[in-house]
Amino acid sequence: MAHAPSTVPLNFVVFGEMGVGKSSLINLVAGKTVAKSSSGLKSCTLDSTEYGITLSTPQLNVRLFDTVGLNSVTMSDKSYLDALVKAHKLIASLQNQGGVHGLLFCIKGGNRILESTQQNYRLFHEFLCEEKVPLALVITNLENEGNMDDWWTNNRDDIKEYGIAPVAQVCITTVRGLGNAYEAKYEESRKKVCNMLATLGRGDACSVDISWLARMCKKLQQLFIPGKALRQSRQKMLQTLTKRCKLPKQDAMQLLQRIESNEN
């Protein structure tokens, strides 16, 4: 298949927990401040912001979609159901904008891998994108490492053990530091990330089947919802599917019936 020319925007979705440096990563790619850190008040949503960036070296037009992190995943929380719908809308909207060229999963060097980290990975890579979209791991906060790439050498077995399987990874810093103390590592990091985007962009954009919702709800029910809680939240889920997802009521009811039948 023919690859998209460099003038065609390449779409990348940036995700990860709050505070891992997603906005700083976007600023690193842009070479200037274009994204502000997300407010803690929105830490339970998956609102996204689009940033169009033109790179000269390598020559690329990219669109980075910055999502606000989910630090706690619980299907009994209305905010999570809302986040689910917003994430779906983002992926669905990209279907008509060239597809998705890659997922950029940000984690912070020095932090332990938590359950919420794994669930963020599952939500985007496994559920929303059905494991069809290449995922790159971006490890931030490594400015104090002698060699930033040593982090991956020392931790890749642990990452694999947690079921996180990137096609590429970059170990970086997103800060220049006081008095530009980390300027060399900052420039090294920017080059790494831009080259990674170029590599991911050489492949064809991935189209994800946006009828994933029924399959995803079944999987989420298995992971997060005990049977009793599922029945209690049935009306809430029905309202979400009909009002937010715009599903006909009959289709929404059939979907919930399928979830419940899967439980038995």
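1. By salt bridge I mean a side-chain nitrogen of Lys or Arg within 4 Å of a carboxyl oxygen of Asp or Glu. Asp149, Glu188 and Lys192 are linked in a network of such salt bridges, and a search of the whole structure finds 5 salt bridges.

2. A word on the ground rules: this is a predicted model, where local features need pLDDT of at least 70, side-chain atom pairs count only at pLDDT 80 or more, and totals for chains, interfaces and linings use all residues. Residues are numbered from 1 along each chain as its sequence is written, and side-chain values use heavy atoms, with hydrogens and water left out.

3. Have a look at glutamate 50 and arginine 63, whose closest N and O atoms sit 3.7 Å apart in a salt bridge. This one links distant parts of the chain, 13 residues apart: glutamate 50 is in strand 2 (residues 48–55) and arginine 63 in strand 3 (residues 60–67). Strands here are DSSP runs of E, at least two residues, and helices are runs of H or I, at least four, both numbered from the N terminus.

4. Arginine 63 is buried at 15% relative accessibility, while glutamate 50 is partly exposed at 42%. The cut-offs are under 20% relative accessible area for buried, over 50% for exposed and partly exposed in between (1.4 Å probe, protein chains only).

5. Arginine 176 pairs with glutamate 183 at 2.9 Å between the closest N and O atoms, and also with glutamate 187 at 3.8 Å, N to O. Glutamate 187 lies in helix 5 (residues 183–201) and arginine 176 in the loop between strand 6 (168–171) and helix 5, so this pair ties together parts 11 residues apart in sequence.

6. Arginine 176 is partly exposed at 31%; glutamate 183, at 26%, is partly exposed, and glutamate 187 is partly exposed at 37%.
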